[in-house]
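Here are my notes on the model, as promised. Have the structure open while you go through them.

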Amino acid sequence: MESRPVRLGWLSLLVTVVILCLATLSVLSLSTAQADWAQAQKQALQTESVYALERDGQQWLAALDAALGAAHDETSLDTLLPPDTVRTGSRVCTLQKGADGRSLSIAAELTADGGYRVVQWSQSAEWAGEEEPPALFGTLFGAMD
Amino acid sequence: MHKSRRGAAFYVETILLVLFLLLSLTVLARMLGTARQLSREARQLSCAVRIAQDAAEQLAASDSREDFAVLLGARQTEDGTLARAYNAEGAPAADAIPAAYTLLCRLEETAQPHGVLLTAYFTVCNDSEALYELETQKYFCAQPGK
């Protein structure tokens, strides 16, 4: 009895190639979308961190203004200044630290009429280095779960 | 006999090929669907963050609560919340046009010895859910020129 193997014809080959192309496209598409999503979440967290420090800074300004209004002389001003405030002559400054290594540096010049003028308001962040990128298949399976 | 065996082999091959095709397409369709959903969510979140950030910067640049409302170009709702419509690209849109995003801003004033500390709660939402929330503050000195 003659036995003939099932032969893969040109149609099977074509379908296999098309499927491989589609699979490659899908993998690239999913990994790009996953990276976009991670980036958007990172942006959202950084924005929250920036404005958490902004709130701290505005509260510090309110406390400074209250201290300037209540102080009668320089000695009493030093005791009334908000915590973590350094006064050097007519200049007061503070460094507010955020939860993720970000910090806000504020400096204000005290004016002769008992007020203040903000001369520095800058945020900075320490670069902690790039995180290890997730493995491609870990990303894919994580995204599809 | 020989011809019918070859015919059966052809049918078996065709069935296997179709099954493989269907299985592959099912998996790929699921992957592409997931990618599309993730991409849409990422775009919406990114846009919502930008809208909230713009509004927070407008508060930082304003000199009073009224000044902020004018800068934001928002309408006031019945409960006192400021609302502003945005299109799909995150640009301010006219209220008459159905908005892709809506920015809601609730303001709370806290009296300070020599001024007011204004807290703004921003919520950016689409037609079904809140996408992003941001809280910021601005201190308004009662005598800014002193």
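1. Start in strand 3 of chain B, where B:Cys105 sits opposite B:Leu82. One caveat before going on: this is a predicted model. The neighbouring strand is strand 2 of chain B (residues 82-86), and five bridges tie it to strand 3 (residues 101-112), with the two running antiparallel. Helix 2 of chain B (residues 65-72) packs on this sheet and touches strands 2, 3 and 4 of chain B. The direction of helix 2 makes about 20° with that of strand 2 of chain B.

2. Zooming out, the sheet in chain B is an open one with five strands in the order 1-2-3-4-5, paired antiparallel. Which strands sit at the edges? Strand 1 (75-76) and strand 5 (130-141) of chain B do, each pairing on one side only. As a reminder, pairing of this sort goes through backbone hydrogen bonds.

3. Chain A has 145 residues, and 19% of them count as buried. Take its contacts between residues at least 6 apart in sequence: 41% of these join residues at least 24 apart.

4. Now the interface. Here 36 residues of chain B are in contact with 35 residues of chain A. Helix 1 (2-61), strand 4 and strand 5 of chain B each supply at least two residues to chain B's side. Helix 1 of chain B gives the most, 22 residues. By type, chain B's side splits into 19 nonpolar, ten polar and seven charged residues.

5. Last, the core. The largest nonpolar core has 51 residues, and B:Ala48 and B:Ala52 have the most contacts inside it. Which elements each supply at least two residues of this core? From chain A, helix 1 and strand 3 (102-110); from chain B, helix 1, helix 2 and strands 2, 3, 4 and 5. The largest share, 15 residues, comes from helix 1 of chain A.

6. What does B:Ala48 touch, leaving out residues up to four places away in sequence? Its partners are B:Tyr101, B:Val124, B:Leu131 and B:Tyr132.

Definitions and conventions. Residues numbered from 1 in each chain as written. Chains lettered and ligands numbered in written order. Predicted model: local features only at pLDDT ≥ 70, side-chain atom pairs only at ≥ 80, totals over all residues. Pairing = 2+ DSSP bridges. Helix = DSSP H or I, 4+ residues; strand = E, 2+ residues; numbered from the N terminus. Contact = placed C-beta atoms within 7 Å. Axes fitted to C-alpha atoms, helices over the stretch in contact; angles between N-to-C directions. Buried ≥ 20, exposed ≤ 12 C-beta atoms within 10 Å, placed from the backbone. Nonpolar A, V, L, I, M, F, W, Y, C, P; charged D, E, K, R; others polar. Core = buried A, V, L, I, M, F, W, Y, C linked by C-beta atoms within 7 Å.
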